Number of protein chains: 2
Amino acid sequence: MHSITRLQEIINAELQKRSDDLRKMTPPNLYNPVDYSLEMGGKRLRPVLLLLSYNIFSDAVSEAIPAAVAIEVFHNFTLLHDDIMDKAQVRRNRPTVHIKFSENNAILSGDVMAFLSYKYLLECKSKRLSEVLELFTKTAIEVCEGQQFDMEFENRLNVSNVEYLEMIRLKTAVLLACGLKAGALLANADNIVANQLYEFGLNLGLAFQLQDDLLDSFGNQQSFGKKIGGDILANKKTFLSINALQNAGAELKSELLYWMNIAEYNQDEKIKAVLNIYNQLNIKQLTEQKIESYFQKCRKVFQQISVEDERKKQLIEISNSMLNRVF
Amino acid sequence: MHSITRLQEIINAELQKRSDDLRKMTPPNLYNPVDYSLEMGGKRLRPVLLLLSYNIFSDAVSEAIPAAVAIEVFHNFTLLHDDIMDKAQVRRNRPTVHIKFSENNAILSGDVMAFLSYKYLLECKSKRLSEVLELFTKTAIEVCEGQQFDMEFENRLNVSNVEYLEMIRLKTAVLLACGLKAGALLANADNIVANQLYEFGLNLGLAFQLQDDLLDSFGNQQSFGKKIGGDILANKKTFLSINALQNAGAELKSELLYWMNIAEYNQDEKIKAVLNIYNQLNIKQLTEQKIESYFQKCRKVFQQISVEDERKKQLIEISNSMLNRVF
């Protein structure tokens with residue numbers, strides 16, 4: 001069994017090799033942004049989950065590497081296009097692709113990344129490849145649906161919990177689940193186990209996104225890696241803001257809306273005021289409970305997966321590292 | 001054998017069915033632009049070529065319909081994104097998607113169309129499907145490369161014939177060739193014949209694009225369907241403008257550059273002046289010769305395709321209708 005750190009190294013080495021190949025392709029202006037996007041780094045979570053899942057059933061991890069690369073390239077494609085749509089200027093401390101190059105570059109280089117992800121996936125030699133392709137395509141469509149919901153929620157005040165959870169399922173969770181199931185399929189695992197891994201990934205993804213929401217308002221700036229309160233300043237619909245709006249009485253609601261509608265303000269003052277409202281409504285505890293409920297679903301599915309404990313123990317390790325806790 | 005008109009009807013009926021299905025999907029704002037794009041109509045050239053090629057080897061045309069839909073949906077995806085990048089306002093007499101909806105809609109609905117094209121392709125039951133998927137993916141990447149070259153040429157005066165022909169090969173010809181080869185592969189045709197059909201499609205596509213260039217300046221407004229001189233007004237790099245710039249002596253070249261650089265002008269006057277320069281340089285004849293040379297290559301490949309004449313005669317018919325001439 002490979003350690004998670006080792007799997008990350010394997011993926012980064014392979015991405016480097018692919019980048020080197022792309023750097024020889026023409027036109028350079030199409031492929032330079034691809035390069036730029038892939039060298040941005042990150043935790044390589046989705047390909048790690050894929051390899052880790054494959055590794056449960058087979059030690060020949062190298063067989064699944066093209067699929068791991070594919071899912072990472074796909075994920076980065078979504079970042080390129082989302083950043084245009086969200087008008088995001090910075091990602092991982094560097095200018096986003098549409099800022100560094102141009103919007104047209106970000107559209108077209110994003111497109112080519114979507115197709116490169118299929119190219120890499122098609123390199124996999126597996127008799128279950130057509131199932132993986134169907135899963136991957138279904139997932140890609142769902143991710144687009146999730147992004148559309150996310151954009152629409154920006155202009156709505158009455159987003160419900162159910163709607164929000166469905167949005168993050170589509171936008172974030174299904175891709176993690178897809179990685180886990182794809183790894184199992186490529187290793188020719190039993191369908192039941194493959195579907196359990198999907199279920200596991202879905203709940204892990206939901207917990208992970210809710211935790212991201214939580215840390216953005218209540219995290220430790222140093223370990224979170226970006227400024228606390230970004231979602232509050234952007235009036236972003238998150239599990240926190242939705243529940244605050246929903247649970248607030250008349251007075252707190254009007255106070256919250258005041259801060260959401262105000263055009264000019266002191267950033268620290270706005271963050272402090274909104275956090276104060278969240279605290280009065282126990283939003284932190286509410287979110288922690290929701291994370292806990294998804295975490296319990298993960299645990300339950302994990303126990304059902306009929307594979308030796310030794311083979312599946314890394315699922316615990318990665319869940320713990322993703323959720324910053326002990327399984 | 002189905003007639004070309006019958007194949008168009010089959011494709012339009014199937015696209016209508018797919019649109020009806022998409023209209024039931026959520027979020028509607030993601031799928032409405034897909035609908036809008038698919039109901040725009042057009043000649044359905046790429047899916048017709050695919051079915052026609054399949055039909056050479058098999059009468060069970062219905063087996064290849066999902067692939068025909070896939071290639072049409074993919075083509076329309078490229079139109080959505082190209083129209084954003086080119087800032088095009090109108091397509092087929094209707095507002096383009098980014099104008100009618102929004103730029104974000106055109107990006108994201110375009111993305112979902114790219115993945116829908118894989119979804120439809122994956123419905124095909126054929127033992128050669130993985131070859132088709134590889135061909136389709138390679139082609140999609142090439143189409144992105146072609147669009148990148150096309151955008152870059154806008155800002156360059158020294159585009160060579162070789163560069164231009166390579167650009168239209170990538171942007172236009174490979175997709176027609178892909179349709180023809182995919183049809184053959186799905187029908188489990190011999191590899192040699194499948195590759196000959198690809199070659200045929202490539203040369204047909206190059207001739208077709210050059211003819212489009214020619215008609216934009218020298219066509220009959222009524223049969224061409226759009227205003228004559230659009231490329232001239234937009235200073236578009238075409239086979240005509242590239243050869244005019246290349247073949248002009250000092251005096252004509254400076255006259256041509258004057259019209260290309262002038263900020264304010266009377267449209268009819270500019271068109272008349274540039275056509276006058278083209279006429280002095282025999283640009284029409286030069287382009288006709290180039291079209292003829294690709295047409296001869298088509299004929300040559302056609303004769304080599306070892307299939308009964310009766311089965312392949314519709315390739316002649318569609319080539320004639322595309323190039324407005326008798327094979």
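A residue counts as buried here when 20 or more other C-beta atoms lie within 10 Å of its own. Keep that cut-off in mind, and remember that what you are looking at is a predicted model.

Just past the end of helix 8 of chain B, B:Asn188 takes a positive phi of about 60 degrees.

Helix 8 also turns up as part of the cover over another helix of chain B. In helix 12, residues 239-247, the buried residues are B:Phe239, B:Leu240, B:Ser241, B:Ile242 and B:Ala244. What lies over them includes helix 8, helix 9 (191-218), helix 13 (250-261), helix 14 (267-280) and helix 15 (283-304) of chain B.

Now step back to the nonpolar interior. In soluble globular proteins, nonpolar side chains tend to be buried together. The largest nonpolar core in this model has 196 residues, and those with the most contacts inside it are A:Ala67 and B:Ala67. Which residues does A:Ala67 touch, once you set aside its neighbours within four places in sequence? They are A:Leu50, A:Leu121, A:Cys124, A:Val132, A:Ala182 and A:Leu186.

Two other residues of chain A are handy for finding your way around. A:Ile65 sits in helix 4 of chain A, and it counts as buried because it has 22 C-beta neighbours inside 10 Å. Beyond its neighbours within four places in sequence, A:Ile65 is in contact with A:Ile10 and A:Glu14. A:Leu15 is 50 residues away from A:Ile65 along the chain, yet their C-alpha atoms are separated by 9.8 Å.

A:Ser117, in helix 6 of chain A, is buried as well, with 23 C-beta neighbours inside 10 Å. Again leaving aside neighbours within four places in sequence, A:Ser117 is in contact with A:Ala70, A:Val73, A:Phe74 and A:Phe77. For a sense of scale, take A:Gln304: it is 187 residues from A:Ser117 along the chain, and the two C-alpha atoms are separated by 32 Å.

Most residues other than glycine have a negative phi, and most peptide bonds are trans. With that in mind, look at the peptide bond joining A:Thr26 and A:Pro27: it is cis, with omega about -5 degrees. A:Pro27 lies in the loop between helix 1 (4-22) and helix 2 of chain A. Chain B has a cis bond between B:Thr26 and B:Pro27, where omega is also about -5 degrees, and B:Pro27 falls in the loop between helix 1 (4-22) and helix 2 (28-38) of chain B.

Then there is A:Lys87, which has a positive phi of about 55 degrees although it is not a glycine. You'll find A:Lys87 in the loop between helix 4 and strand 1 (90-91) of chain A. Is A:Lys87 buried or exposed? With 10 C-beta neighbours inside 10 Å, A:Lys87 counts as exposed. Over in chain B, B:Lys87 has a positive phi near 55 degrees and is placed in the loop between helix 4 (65-85) and strand 1 (90-91). B:Lys87 is exposed, with 10 other C-beta atoms within 10 Å.

That brings us to how the chains go together. The contact takes 30 residues from chain A and 30 residues from chain B. On the chain A side, helix 2 (28-38), helix 4 (65-85), helix 6 (103-121) and helix 7 (129-154) each supply at least two residues. Helix 7 gives the most, with 13 residues. By class, this side of chain A has 18 nonpolar, seven polar and five charged residues.

How are the copies related? Chain A can be laid on chain B with an RMSD of 0.0 Å by a turn of 180 degrees and a shift of 0.0 Å along the axis. The two copies are thus related as by a two-fold rotation axis. And 100% of the interface residues of chain A are also interface residues in chain B, so the copies meet through the same surface.

Conventions
Residues are numbered from 1 along each chain as its sequence is written. Chains are lettered from A and ligands numbered from 1 in the order in which they are written. This is a predicted model: local features need pLDDT of at least 70, side-chain atom pairs count only at pLDDT 80 or more; totals for chains, interfaces and linings use all residues. Two residues are in contact if their C-beta atoms, placed from the backbone, lie within 7 Å. Helices (H or I, at least four residues) and strands (E, at least two) are DSSP runs, numbered from the N terminus. Ala, Val, Leu, Ile, Met, Phe, Trp, Tyr, Cys and Pro count as nonpolar, Asp, Glu, Lys and Arg as charged, and the others, Gly among them, as polar. Copies are superposed by least squares on the C-alpha atoms of residues with pLDDT of at least 70 in both. A residue is buried if 20 or more other C-beta atoms lie within 10 Å of its own, exposed if 12 or fewer, and partly exposed in between; C-beta atoms are placed from the backbone. A nonpolar core is a set of buried Ala, Val, Leu, Ile, Met, Phe, Trp, Tyr and Cys residues joined through C-beta atoms within 7 Å.
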